[in-house]
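I opened my notebook to look up a few things in this structure. Here is what I wrote down, entry by entry.

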Amino acid sequence: MKRLILLSILVTFLSGCAVSLPFNNRLSYAGIKEMKTVEEKVKEKPIISINWEPNTFLKRIDIQGADGFVGGGSRTRIPTGIALSARIEEAISTFANVTSTGKPLVITIIEARSGFEYSAGIFNVTPAMDVGSMVLKASFNIEGATWSGEYRSIKKEPKIGGTSQTALLEEVWDDVAVQVAKDVAAHITQ
């Protein structure tokens, strides 16, 4: 009986737990402000529609563990597709009119991976992230003009113990969205 109880405790401990964090899916004010500099350079706002390949990327939620030791066995729900696509569309809308009837801009996702590490510590009651990273590889097509890009961002919390559950991932998503939007602006306005 003692072995059965010990085994059940061990299995529960090693199997990880589900973690749902309160993510924001909007581009930050700093990201919008940075995109305003791009808007000022665009003489005439293009009218485009954004199409995603695969179209399921708009609803993609990754269930993954942390990259570090702490939380590696967790089943954390990371809305990579939802958060990134919403931010990219919002960033592009600062310099272009995004409608369903515009010139189609097709964004094909080749790879999109969010990474994070939880801060270590016995006294952490809620999980706080102290590292956030994002890698996006995508190809683009608008009216026959095609190009590919790789966009990366990594942020580390300067304080030990982390101060936010989600801020670092949100910051890297903002950073990647701004990189993508600036790249799109450079190709559309040529």
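**Overall make-up**

I began with the secondary structure: the protein chain has 4 helices and 8 strands. Helices (H or I, at least four residues) and strands (E, at least two) are DSSP runs, numbered from the N terminus. I read the order of the elements from the N terminus as α-β-α-β-β-β-α-β-β-β-β-α.

I noted that this is a predicted model, where local features need pLDDT of at least 70, side-chain atom pairs count only at pLDDT 80 or more, and totals for chains, interfaces and linings use all residues. Residues are numbered from 1 along each chain as its sequence is written, and side-chain values use heavy atoms, with hydrogens and water left out.

Next I looked up burial. The protein chain has 190 residues, and 42% of them count as buried. Buried means under 20% relative accessible area, exposed over 50%, and partly exposed in between (1.4 Å probe, protein chains only).

Then I turned to contacts (heavy atoms within 4.5 Å). Among contacts between residues at least 6 apart in sequence, 74% join residues at least 24 apart.

**Ser 114**

I found Ser 114 in strand β6, residues 103-118. Is Ser 114 buried or exposed? Ser 114 is buried, because its relative accessible area is 0%. Its side chain makes a polar contact of 2.9 Å with the side chain of Trp 173. A polar contact is a pair of N or O atoms within 3.5 Å; within protein, one must be able to donate a hydrogen and the other to accept it, and residues adjacent in sequence count only if both atoms are side-chain atoms. Not counting residues up to four places away in sequence, Ser 114 touches several residues, including Gln 64, Ile 78, Met 134 and Trp 173.

**Helix pairs**

I looked at α2 (residues 29-41) and α4 (residues 167-188). They pack at an angle of about 15 degrees, with axes 10 Å apart. Axes are lines fitted to C-alpha atoms, for helices over the stretch in contact, and angles run from 0 to 180 degrees between N-to-C directions. So α2 is roughly parallel to α4. Angles under 35 degrees count as roughly parallel, over 145 as roughly antiparallel, 65 to 115 as roughly perpendicular and the rest as oblique. In α2, Gly 31, Glu 34, Met 35 and Val 38 meet Val 178, Ala 181, Lys 182 and Ala 185 in α4.

I then checked α3 (residues 80-92) against α4. Their axes come within 8 Å and cross at roughly 45 degrees. The two helices are therefore oblique to each other. Among the residues in this contact are Thr 80 and Leu 84 of α3, and Trp 173 and Ala 181 of α4.

**Ile 142**

I placed Ile 142 in strand β7, residues 129-142. Ile 142 counts as buried because its relative accessibility is 9%. How far apart are Ile 142 and Ile 188 in space? They are 8.0 Å apart, C-alpha to C-alpha, and 46 residues apart in sequence. Leaving aside neighbours within four places in sequence, Ile 142 is in contact with residues including Ile 48, Leu 105, Trp 147 and Ile 188.

**Aromatic rings**

Last, I checked the rings. Rings of Phe, Tyr and Trp (its six-membered ring) pair if their centres lie within 6.5 Å; planes under 30 degrees apart count as stacked, over 60 as edge-to-face and the rest as tilted. The count comes to 3 aromatic pairs. One of them is Phe 140 with Trp 147, stacked at 5.1 Å centre to centre and 15 degrees between the planes. Phe 140 is buried at 2%, and Trp 147 is buried at 10%. Ring pairs link Phe 140, Trp 147 and Tyr 151 into a cluster.
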